[in-house]
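Here are a few friendly notes to read alongside the model. Keep the viewer open and look up each residue as you go.

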Amino acid sequence: MSGANDLAVLEKDLLAEIAGAGDLASLDAVRVSALGKKGRVSELMSKLGSLPPEERKNFGQTVNTLKTKVSDALDARKAVLETAALDERLKTERADVTLPVRLGPVAEGRIHPVSQVLDEVVEIFADMGFSVAEGPDIETDEMNFDKLNIPAEHPARQDHDTFYFAPKPDGSRLLLRTHTSPVQIRTMVAQKPPIRIIAPGRVYRMDSDQTHTPMFHQVEGLVIDESTHMGHLKWVLQEFCKAFFEVDEVKMRFRASHFPFTEPSMEVDIGAEAIGKPGQWLEILGCGMVHPNVLRNCGLDPEKYQGFAFGVGLDRLTMLKYGIPDLRSFFSGDLKWLSHYGFSMLDVPTLGGGLST
Ligand code: 2NL
């Protein structure tokens, strides 16, 4: 039977052991030996039943007080030891965040020039308040042609040399989109103006020679609002060309053209000074004011809304900017070519940091 004296001795012993524990493991050993199931304090509690009833209450309270004291002392010591352990780690595990990045195997990887140019284009238009819209590569006749004011017998359907899937039992056919316009159509159908989007992506036409591949990359842009006009179109394209070719001035020439989905329609040439070839003109994109029929087809009132659209071929833009002579090399999967023309993952284009430098 433990008297008050024994309890005082036990308390003194335990507090001394706690104070003497030099690390978290030995502190935990003290905890188990005191408060564990068979610990010295716990064992006292199990004696409670064998005491005469008049002593039980008093004894129980005393043991509980001891338990609390020991438990508090364990917590306090634990906090001290943890802080010391952390200080020790901080002394040895210093990281100098100003050191150059260690690339390791990542340095071997290269970003394809078309991906890099896409990132540049997105950065430029994002800065002008455009968001990026995406849609499926497999489209319907309706989204790819009908809604764009290209009716069934329109020659543009043949011009586009479309890849069709086998017709469904109801006669409808799916196709590989021939431009990213259906992404803009879907946006106009789904949301009210103001609309400011670019739609980058893969497009497909049955065409294959020196300057055409059956899959290529396009970025289209669309702006719709109540008072959008050709001045806005011209400014946006001018800003784009200056930013993309990283020059202060760029000569631009707008030539009248024809697309079924715009009226008026224009093709844009830039002075080849921009890529160091003075005296020549380069055709780089097509654009125009969105045709009223297209707006109507998407549920927009042409009396209230108007806007402009444009389409740029990314592959050609990439060849011009980075002096890559052969379009077909883009799709050859040649690692030697990629290590020459590709970009490091750290070359993230930003307007502030210079797009390509
Ligand atoms: C080109 C011509 C162009 C568009 C694309 C467009 C989209 C909608 C409505 C009206 Cl939803 N237009 N897109 C407009 C003009 C030209 O691309 O030669 N691209 C390489």
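1. Let's begin with Thr-180. Its relative accessibility is 0%, so Thr-180 counts as buried (buried means under 20% relative accessible area, exposed over 50% and partly exposed in between, with a 1.4 Å probe and protein chains only). Thr-180 sits in the loop between strand 3 (174–176) and helix 8; helices (H or I, at least four residues) and strands (E, at least two) are DSSP runs, numbered from the N terminus. The side chain of Thr-180 reaches the backbone oxygen of Ala-199 at 2.9 Å.

2. A word on the basis of these notes: this is a predicted model, where local features need pLDDT of at least 70, side-chain atom pairs count only at pLDDT 80 or more, and totals for chains, interfaces and linings use all residues. Residues are numbered from 1 along each chain as its sequence is written, and side-chain values use heavy atoms, with hydrogens and water left out.

3. Now the ligand. Of the 15 residues around the ligand, Glu-220, Phe-261, Gly-286, Ala-309 and Gly-311 come nearest (a residue is near a molecule if one of its heavy atoms lies within 4 Å of it). A polar side-chain atom of Glu-220 is 2.8 Å from a nitrogen atom of the ligand, and a backbone N or O atom of Gly-311 is 3.2 Å from a nitrogen atom of the ligand. Helix 8 gives the most to this shell, with 4 residues.

4. Next, helix 2 (residues 24–35). Leu-27, Val-30 and Ala-34 are buried in helix 2. Seen down the axis, the buried residues of helix 2 fall within an arc of 55 degrees, so they line one face of the helix; the arc is that of the directions from the helix axis to the C-beta atoms. Asp-23 caps the N-terminal end of helix 2, with a side-chain oxygen 3.1 Å from the backbone nitrogen of Ala-25.

5. Please look at two cis peptide bonds as well. One joins Pro-193 and Pro-194, with omega about 5 degrees; another runs from Glu-263 to Pro-264, with omega near -5 degrees. Pro-264 lies in strand 7 (residues 262–271).

6. Finally, Glu-246 has a positive phi, near 55 degrees, although this residue is not a glycine. At 33% relative accessibility, Glu-246 counts as partly exposed.

Technical notes:
Polar contact = N/O pair within 3.5 Å; in protein donor to acceptor, adjacent residues only side chain to side chain.
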